[in-house]
Amino acid sequence: MEFVVSLFLLCCVCVIVVKCDSGPLIDVVVDRYDIPSVCPREVGTEDFVRYHFNGTFFEGGKKFDSSHDRGKAFISQVGLGRMITGMDRGILGMCVNERRKITIPPHLAYGSIGTGGVIPPDAVLVFDILLLDIWNSDDKVQISTISKPVKCKRTVEVSDYVRYHYNGSLLSGTYIDTSFSSNKTYDTYVGKGDLVQGMEEGLLGMCVGERRIVVIPPFLGYGEKGYGTKIPPHATLVFEVLLVDLFNTNDDMEVVITRLAKNCTRKTVKGDYIRYHYNGTFLDGSAFDSSYKRNSTYNTYIGMGYVIQGMDRALQGLCIGERRRVIVPPQLAYGEQGVDDLIPSSAVLVFDIDVIDFHNPKDPIEIKVTYKPKECNMTSEGDDLIQYRYNCSLMDGTLLYSSDHYDSAPITTLGANKVIQGLDDGLKGMCVGEKREVIVPPHLGHGENGASGVPKSAVLFFELELLSLSKGVPDGYMFLWLGDSPDPLFPAMDLNGDHEVPLEEFSAFIMIQVSEQKGRLRPGMDASAIIKDMFDNQDRDKDGKVVMDELKLKAEEDSDKARHEEL
């Protein structure tokens, strides 16, 4: 019959097949009663092994020794005489996690003498062993790539700082530790002695997002001392590593333009106020924040320390409509402190930004005339009544309002605080039929608070067309003399010379002044109502007519009032 022969001594596995006849046992007998389905490596001569065992006598089955009872696995080297000959043979060819029962005759064990009063002479020994570990002094760190990003711009080098997740186990599969359970990466420098040598080697050349299996032999791990209660002496370590982050303390921020702006006439500088959208991610692509999700831009001053240093610099030299990817190393971001549960310690940050608009608090409005009639004899100014067409948009082209959405174009009096200051200023100096593009900074628009449909601190873009213009009068006046008034005034008002001016005569006089362009009524109001109000103001005794004394008294009161205001 055939037997699988394996010899056991302290740390090696090997399998031998021998032919045995009935009678006294002449060689090692191996019973491989539990073999793992996967066996990447078998014990060979000069390999080191770590294993558990129970030792019993063949006769009677009494136990004489056990590593299980001592709570410490046995460690030895195979094939160099450091174990009894039978164990040296019986352990060859063994796999990690394999279980064997090795029966050893006396001449391959402790012979006719026995040992130490524990093993009697001519004893046949039976060892039930479980192989836990194999390694060789020539072993190197074994690296197997599980997955790797298609694009890998940079790999880990000596002196880099890395953040990675890991699952750690012994070669037998026994769990050691994991970073995933705490959801906190292991953060360290590479090549500065902060890690065991094998892990230092295993991390080199990795890309962010790459997964590796790193197998570390004991002498490149924790060696003969082990570590704590979970890593025994002389243990091969197996780490599944996911690289999350990578940077060097010499790194500067990196800026990549992902979309150029069209017609860029101005770029951001220190002191400007900017509104931009962004997506914030870590180097592995996982998101930590986004202005898009809040449907609100991030608004800040540039170069004044309101944002992290790297972003403060990256926001300079931008155009409206430009998109950039900004990679900020932690020393220019949130450093070793991070931000609560949002930004881990020493995290590289990636911002994809889209510039919506920017301005400077000292900016005036910008006016570009896109069309002007050949004949322009009259232009708009303060107090004028105008009608105009407009489109109001954000600087990214988002339309906010349009006069085309209403039944008729708006009418307003310039300088009367009826519209935002920037629009009021932009409508001045226009000819009827003229078209303009006007850029209004927020301090001349809706300010930091915005308005219905208008975001906070938004720069506004107006397309304007002046449709009609009626020259106006100063605030508080109903009628304005365009030159010197008649002197004396009353005889000029008294058209029929009867020394009294009723409403009809007063109205005729005013309309004559307007028709001869000597005076102007407030536009946008009913002329007869204005004239009636003016007449009632002069008719002091309310008898339906104005006489010389009433006009003189009113003039004196107005003069006294003016002197009082000057004082």
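Residues are numbered from 1 along each chain as its sequence is written. Because the model is predicted, local features need pLDDT of at least 70 and side-chain atom pairs count only at pLDDT 80 or more, whereas totals for chains, interfaces and linings use all residues; side-chain values use heavy atoms, with hydrogens and water left out.

The overall picture comes first. The protein contains 10 helices and 30 strands, where helices (H or I, at least four residues) and strands (E, at least two) are DSSP runs numbered from the N terminus. Its radius of gyration, taken over C-alpha atoms, is 47 Å, while a compact globule of 567 residues would come near 24 Å; the globule rule behind that second value is 2.2 Å times the number of residues to the power 0.38. Along the principal axes, the C-alpha atoms occupy a box of roughly 165 × 45 × 40 Å.

The side chains include 59 positive and 82 negative ones, and the centres of the two sets lie 7 Å apart. In this count Lys and Arg are positive and Asp and Glu negative, with His and the chain ends not counted; each charge is placed at NZ of Lys, CZ of Arg, CG of Asp or CD of Glu.

The disulfides come next. A disulfide is a covalent bond between the sulfur atoms of two cysteines, and here it is identified as a pair of cysteine sulfur atoms within 2.5 Å. Four disulfides are found in the whole structure, and with bonded cysteines counted along the chain they follow the pattern 1-2, 3-4, 5-6, 7-8. Three of these bonds are described here.

One of them connects C152 and C207, with an S to S distance of 1.7 Å. This pair links distant parts of the chain, 55 residues apart: C152 sits in the loop between β9 (142–147) and β10 (161–170), and C207 in the loop between α3 (197–203) and β13 (211–216). The disulfide is left-handed, since the torsion about its S-S bond is about -100°. C152 is partly exposed at 31% relative accessible area, whereas C207 is buried at 1%.

Another disulfide joins C264 to C319, whose sulfur atoms lie 1.9 Å apart. C264 is in the loop between β15 (254–259) and β16 (273–282) and C319 in the loop between α5 (309–314) and β19 (323–328), so this bond ties together parts 55 residues apart in sequence. A torsion of about -85° makes the disulfide left-handed. C264 is partly exposed, at 33%, and C319 is buried, at 5%.

C376 and C431 form a further disulfide, with 1.4 Å between their sulfur atoms. Here too the partners are 55 residues apart, C376 in the loop between β21 and β22 and C431 in the loop between α6 (421–426) and β25 (435–440). The torsion is about -80°, so the disulfide is left-handed. C376 is partly exposed at 26% relative accessibility, and C431 is buried at 1%.

The loop between β21 (366–371) and β22 (385–394) also holds S380. S380 is buried, with a relative accessible area of 4%. Beyond its neighbours within four places in sequence, the contacts of S380 include I386, L414, L427, K428 and M430.

Some backbone details complete the description. Most residues other than glycine have a negative phi, and most peptide bonds are trans. The bond between D487 and P488 is cis, with omega about 5°, and P488 belongs to the loop between β27 (479–481) and α7 (489–493). D122, which is not a glycine, has a positive phi of about 55°; D122 is in the loop between β7 (99–104) and β8 (125–135) and is exposed at 51%. H499 likewise has a positive phi, near 65°, lies in the loop between α7 and β28 (501–502), and is exposed at 61% relative accessibility.

How values were computed: Buried means under 20% relative accessible area, exposed over 50%, partly exposed in between (1.4 Å probe, protein chains only). Contact means heavy atoms within 4.5 Å.
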